[in-house]
Amino acid sequence: MMGIVEGFDMVPRLTRGSEDVVKWKSFLDAIREQYRNDVRVNFCDNYIDFNAGELPALPHEGYKFLRFSGKVTGQIAAETHVDDYLRIVGRIARSIFGSRVRRWTENSNYWGFYDWRDVHASERSFLKPGDNTTAAILFATVECSSRDDYPIRVVNDKFYEALDIPGKGKGLVARCNIRSGTRIICEKPLLLLPSVPPEELQGKVASQLRPLSKEEQRQFFSLHNNFPGRHALAGIVRTNALPCGSGASIGGVYLEICLINHSCLPNCHNSWNSETQRETIHAIRDILAGEELTISYGPDGSGDPTPSRREHLQTNFGFTCHCELCSLPQEDLQASDNRRRQIQLLDEQIGNSFAVMTEPLKSLQECQALLKALVDEYGADNTVLIPRLYYDAFQVAITHGDEARAKVFAERSYKTRVAFQGEDNPETKRARGFMQNPASHMAFCLGSRRWKTSKTAQPKNLGVDEFEKWLWRDRG
């Protein structure tokens with residue numbers, strides 16, 4: 001691209017949540033009012049088109065927007081007053097989105113946040129090549145390389161950047177597209193501390209802080225504190241520490257991972273690796289450049305219904321969540337809560353060891369019903385409960401000698417754990433061991449031998465649906 005380009009990026013990118021939707025509507029309404037009599041501005045079905053230089057369009061759906069920029073040098077830019085459009089549109093955007101609007105200019109060697117390929121991909125989502133508008137005509141001349149392979153643009157060897165997030169303080173934002181299953185962070189804890197009363201915790205934190213460098217101490221004190229007062233050091237730990245494993249009495253404080261904010265529909269999962277003594281963050285769905293990285297602050301990421309989530313977050317972290325899920329219309333939020341209550345009920349029923357011993361078919365059917373409920377609520381494979389679900393199904397099968405099905409369930413548990421926890425996690429290694437030798441589990445044939453099969457007895461040449469019916473013993 002010849003000449004000097006200036007503009008602004010939206011960082012983090014907007015979501016489909018109601019708060020962002022309302023703000024984007026206000027922004028477009030202000031643009032329409034500003035340019036209602038401007039012959040260079042066309043109000044199209046899917047976007048607002050600017051017939052000035054190489055200015056892009058503004059989509060009607062804010063989550064598709066990344067950048068508004070244009071060439072500010074040359075005769076065409078001068079004749080069409082490109083710099084005026086950039087200045088006014090940027091001013092309106094800043095009045096609504098604040099620091100989320102990130103200005104840049106190539107004239108000062110200050111580049112935009114996004115790779116141009118990501119910008120062109122966002123434009124491709126709403127521009128139609130056949131449209132007779134300036135934006136569509138210009139876009140038709142752009143050679144758009146595929147992003148299907150998720151090429152990585154890493155800054156300082158990191159997939160992310162720590163930024164100020166309006167209303168949240170600091171947060172981590174993806175610098176590039178991140179493929180589901182990618183390990184984003186592997187971090188050693190700055191502090192490891194027990195779960196004890198604040199007055200006792202205060203002294204333990206102080207003793208661990210003293211040998212740290214001045215910079216590490218500064219970063220610790222920059223972490224958020226929901227419990228200010230006499231025991232400020234303990235308050236920082238209580239606000240930020242992550243348990244070192246499910247139900248652990250020891251928690252870790254991390255300089256980078258503790259900057260990751262909460263969502264009730266997170267795009268990442270945090271997991272403690274007891275062998276490496278590191279906390280890991282993995283993408284649990286494809287993450288687009290500009291999206292904020294999020295994890296669940298809920299207990300074990302289990303996903304409670306709205307009332308329980310709100311109480312937990314307010315009590316323990318001092319905020320009311322406004323994520324995409326929590327800002328759904330009431331009817332949709334109620335439907336989500338109903339699914340989550342069903343998930344909790346099924347999870348409790350599957351944990352009944354007596355039923356596994358005496359009614360294995362019923363337990364397996366409950367596992368299948370739970371899988372459907374999880375997919376309905378979170379999407380395919382996008383929940384930390386799925387590896388555990390497959391392990392539960394494995395236990396049902398192996399308790400009654402069915403090595404063939406147990407091997408399949410163990411393999412599925414292993415593959416999802418690789419994506420959520422990594423190949424080096426002890427739980428992943430354990431699942432791989434059961435996949436290779438199902439009969440090594442202590443519950444092998446403990447209930448009965450009624451389903452006895454060998455681990456190689458899976459049927460061949462079945463279609464996907466037929467195989468699933470065989471796997472779940474579905475005779476319907």
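Reader: Does Arg 417 count as buried or exposed?

Author: This is a predicted model, in which local features need pLDDT of at least 70, side-chain atom pairs count only at pLDDT 80 or more, and totals for chains, interfaces and linings use all residues. Residues are numbered from 1 along each chain as its sequence is written, and side-chain values use heavy atoms, with hydrogens and water left out. Buried means under 20% relative accessible area, exposed over 50% and partly exposed in between, with a 1.4 Å probe and protein chains only. Arg 417 has a relative accessibility of 12%, so the residue counts as buried.

Reader: In which helix is Arg 417, and what is Arg 417 in contact with?

Author: Helices (H or I, at least four residues) and strands (E, at least two) are DSSP runs, numbered from the N terminus. Arg 417 is placed in helix α14, residues 403-421. Contact means heavy atoms within 4.5 Å. With neighbours within four places in sequence left aside, the contacts of Arg 417 are Pro 387, Arg 388, Gly 422, Glu 427, Thr 428 and Ala 431.

Reader: Why do α6 and α8 count as roughly perpendicular to each other?

Author: Axes are lines fitted to C-alpha atoms, for helices over the stretch in contact, and angles run from 0 to 180 degrees between N-to-C directions. Angles under 35 degrees count as roughly parallel, over 145 as roughly antiparallel, 65 to 115 as roughly perpendicular and the rest as oblique. The axes of α6 (residues 198-209) and α8 (residues 232-240) come within 7 Å, and their crossing angle is roughly 90°. The two helices are therefore roughly perpendicular.

Reader: How do the residues of the contact of α6 with α8 divide?

Author: On the α6 side they include Leu 201 and Val 205, and on the α8 side Leu 233 and Val 237. Ala, Val, Leu, Ile, Met, Phe, Trp, Tyr, Cys and Pro count as nonpolar, Asp, Glu, Lys and Arg as charged, and the others, Gly among them, as polar. The division is nine nonpolar, one polar and one charged.

Reader: How many disulfides does a search of the whole structure find?

Author: A disulfide here is a pair of cysteine sulfur atoms within 2.5 Å. The sulfur of Cys 326 lies 3.6 Å from that of Cys 264, the closest cysteine sulfur, which is too far for a bond. For Cys 244, the nearest cysteine sulfur is that of Cys 258, 11 Å away. The search of the whole structure finds zero.

Reader: How many residues of strand β14 are buried?

Author: Cys 268, Asn 270 and Trp 272 point one way from β14, while His 269, Ser 271 and Asn 273 point the other way, and all are buried. The strand, residues 268-273, is thus largely enclosed by the rest of the structure, with the buried count at six of the six.

Reader: Which residue in the turn between β14 and β15 has a positive phi?

Author: β14 pairs with β15 (residues 278-283) in the antiparallel sense over six bridges, and Cys 268 has Ala 283 as bridge partner. The two strands form a hairpin with four residues between them. The positive phi, about 60°, belongs to Gln 277.

Terms used
Pairing = 2+ DSSP bridges.
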